[in-house]
Amino acid sequence: MNTLLLAAGGEEPPKTIFTPLWEKVKDTEWGQWFGFDQMDRHLGQFWFEAICFSMMAATFLIIISAIATRKYNNVPGGVQNLLEWAVGLLRNLVRGFIGEQGDKYLPYLGTVFLFIFCMNIMGLIPTFRSPTMTLSTTAALGVVTFVMVQFYAVRDTGLIPYLKHFMGDILWLAPLMVVVEIVGEFARPLSLSLRLFGNIFGEDMVIENLLHMGQGIWIPIQIPMMAFAIFGSFLQAFIFTCLASLYIGQKVVHEHEEGHGDESHGH
C-alpha cells in the first residue's frame with residue numbers, strides 16, 4: 001500500500017494497472033515536459049499514476065451518478081437510494097457548519113467528499129494506488145477549494161465587500177492588513193493539502209508495517225487492518241470536507257451576514 005515508503009528504501013514500488021502505460025509515456029516529449037521521467041524516488045511514476053487514478057475515480061463517480069439519475073423515481077431503490085442517502089448525510093453535515101445557506105455549497109462540498117473518499121479507498125484494491133498519497137493531488141484539491149471559496153465570496157457578498165475585507169476596519173492599517181489577509185488566504189489551501197497528504201501517507205505507513213509484522217502468522221490480521229483503512233479513508237474525506245465547510249462559513253456566510261447587519265444598523 002505505502003509505495004512511497006518502499007521507494008524511500010530504494011526498492012521498486014509495486015506495479016499498478018497504469019505502470020505499463022507510464023513506461024511507454026515517460027520518455028515521450030510531453031512525458032518529459034510533465035516530469036513523468038523523474039526517477040528520483042520514483043516521483044515521475046507516482047505523479048503519472050496519481051493523475052490516472054484520479055481520472056478513474058472521477059469517471060466512476062460520473063457513471064454511478066448517471067446510472068442513479070437515468071430513471072429518477074419518487075420511491076428510490078438500488079444505486080439511487082444509496083446516493084440519496086449519502087446526499088442527505090452530506091447535506092446535514094454541511095448545514096451543521098454553515099447553516100441553511102449550506103445547500104448552495106453542497107454540490108461542491110459533496111463532490112469533494114465523494115471524490116476524496118473514492119481516491120483514498122483505491123489504495124486497498126490490488127494493483128491500484130491512492131492518488132491522495134501524492135502531494136500533487138492533495139495540493140490540487142486545496143487550490144481548487146481556495147478558488148471556489150473566493151468565487152463564492154465574490155458571488156454572495158459582492159466584489160466591493162470582498163475587497164474591503166482585505167483592508168480591515170482601520171484605514172491606516174490597510175496596507176498591513178492586506179498583506180496579513182493574503183498570507184492567511186494562501187495558508188488555507190496549503191493547510192488543507194498538507195493535512196490530507198500527511199494523514200493518508202501516515203495511515204498507509206502504519207498499515208503497511210502492521211501487515212508486515214503479521215506475515216507468517218495464521219491469524220488474519222489483514223481483516224482488521226483493512227477495516228481500519230476503510231475507516232481512515234472515510235475520516236480523512238470527512239475532515240477535509242468539514243474544514244472546507246468551515247472555510248466557506250467563515251469567508252462567505254459570516255461576512256455576508258455582517259454586511260447585512262451593518263446595512264440594517266445604518267438604516
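**View 1. Helix 5 passes helix 6 in a right-handed crossing** (right-handed if the near helix is turned clockwise from the far one by less than a right angle, left-handed if anticlockwise). In this predicted model, local features need pLDDT of at least 70 and side-chain atom pairs count only at 80 or more, while totals for chains, interfaces and linings use all residues. Residues are numbered from 1 along each chain as its sequence is written, and side-chain values use heavy atoms, leaving out hydrogens and water. The axes, lines fitted to C-alpha atoms over the stretch in contact, come within 10 Å and cross at roughly 120° (angles run from 0 to 180 degrees between N-to-C directions). Contact, meaning heavy atoms within 4.5 Å, involves Val 87, Leu 90, Arg 91, Val 94 and Ile 98 of helix 5 with Leu 106, Leu 109, Gly 110, Phe 113 and Leu 114 of helix 6.

**View 2. Helix 4 meets helix 5 at an angle of about 110°, with axes 8 Å apart**. The two helices are therefore roughly perpendicular (65 to 115 degrees), and helix 4 passes helix 5 in a left-handed crossing. Look for Ile 64, Ser 65 and Ala 68 of helix 4 against Val 79, Gln 80 and Leu 83 of helix 5.

**View 3. Helices 4 (43–70), 5 (79–98), 6 (106–121) and 10 (222–266) each supply at least two residues of the lining of the largest pocket**. Helices here are DSSP runs (H or I, at least four residues), numbered from the N terminus. Lining residues have an atom within 4 Å of a point of the pocket, an open set on a 1 Å grid over the protein atoms alone, where a 1.4 Å probe fits, with protein on both sides within 12 Å along at least five of seven lines. The volume, the space filled by probe spheres set on the points, is about 880 Å³. Of the 31 lining residues, Leu 61, Leu 83, Ala 86, Phe 113 and Leu 114 are the closest to the centre.

Note on methods. Parallel < 35°, antiparallel > 145°, perpendicular 65-115°, else oblique.
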